[in-house]
Amino acid sequence: RAPAGAPQTAASDTRLGRALRAFMEADELHGVAGSALLIGAEHPELLSAVAGTARQCAVIAQSRRAAQTARALAEREGFSCRVLHATGEALSERETESAGQPFDAIVFDRVAGAAPGLPGALKVTRQALAPNGRLWLFERYESLEAARERVVEHPIARIRRLFREAGLQCERLSPIEADGQHVLGAAAIAIKKSDVRVA
């Protein structure tokens, strides 16, 4: 059993999971009719939202337990969803390619203790997006507040910058607080290469 305050890996719904799903659905997730990818399978509400709206669905689970939980949920709900177990802590192009990129929608759930390396993970995610694709990112505030650089950035400013550097345009940001966790939800679209300005 996980200690109190530890990230959730259970198959049951949580207030945080419902809040994350509500953030996505505010952007009309149901308009995404093509392929979707969920990275991180700790919140069953996100899997239900993704698999219930896309024709094709894939999941990259960060742990063996999360992969088993996702497969069980997909089988129980009758979702046609391919579940892959990540081979390492960091997201790789090989994994997104195996999942079947490009995707019209990607949901990146980093709440459950994802390893550092958000800049690289966003670049891999951007490459896996279809030209008109949309990304939803959920990141813990404390991960964004880590002051490793000389200049300390506000979490919201940091997310906007990292999106821009990865070729993504941030459309919406919102703090999400539930189950004792502080999360930043972000929605972005892929920037067309022709729109990228060279400094």
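This is a predicted model: local features need pLDDT of at least 70, side-chain atom pairs count only at pLDDT 80 or more; totals for chains, interfaces and linings use all residues.
Helices (H or I, at least four residues) and strands (E, at least two) are DSSP runs numbered from the N terminus.

Together with helix 2 (residues 44-51), strand 1 and strand 2 make a right-handed β-α-β unit. Strand 2 is largely enclosed by the rest of the structure, because 5 of its 6 residues are buried (buried means under 20% relative accessible area, exposed over 50%, and partly exposed in between, with a 1.4 Å probe and protein chains only).

Residues are numbered from 1 along each chain as its sequence is written. Local features need pLDDT of at least 70 and side-chain atom pairs count only at pLDDT 80 or more, while totals for chains, interfaces and linings use all residues, and side-chain values use heavy atoms, with hydrogens and water left out.

Strand 6 (residues 168-178) and strand 7 (residues 181-190) run antiparallel and are joined by 10 bridges. Glu 177 stands opposite His 182 in strand 7. The two strands form a hairpin with 2 residues between them, and Asp 179 in the turn has a positive phi of about 55 degrees.

The count of salt bridges is 7, each being a side-chain nitrogen of Lys or Arg within 4 Å of a carboxyl oxygen of Asp or Glu. One of them joins the side chains of Arg 15 and Asp 179 (3.5 Å, N to O). This pair links distant parts of the chain, with Arg 15 in helix 1 (residues 15-25) and Asp 179 in the loop between strand 6 and strand 7, 164 residues apart. Asp 179 is partly exposed, at a relative accessible area of 35%.

Glu 171 forms a salt bridge with Arg 134, with the closest N and O atoms 2.7 Å apart. Glu 171 lies in strand 6 and Arg 134 in strand 5 (residues 129-140), 37 residues apart.

Definitions and conventions: Two strands pair if DSSP finds at least two bridges between them. A crossover is right-handed if, with the strands pointing away from the viewer, the path from the first strand over the helix to the second runs clockwise.
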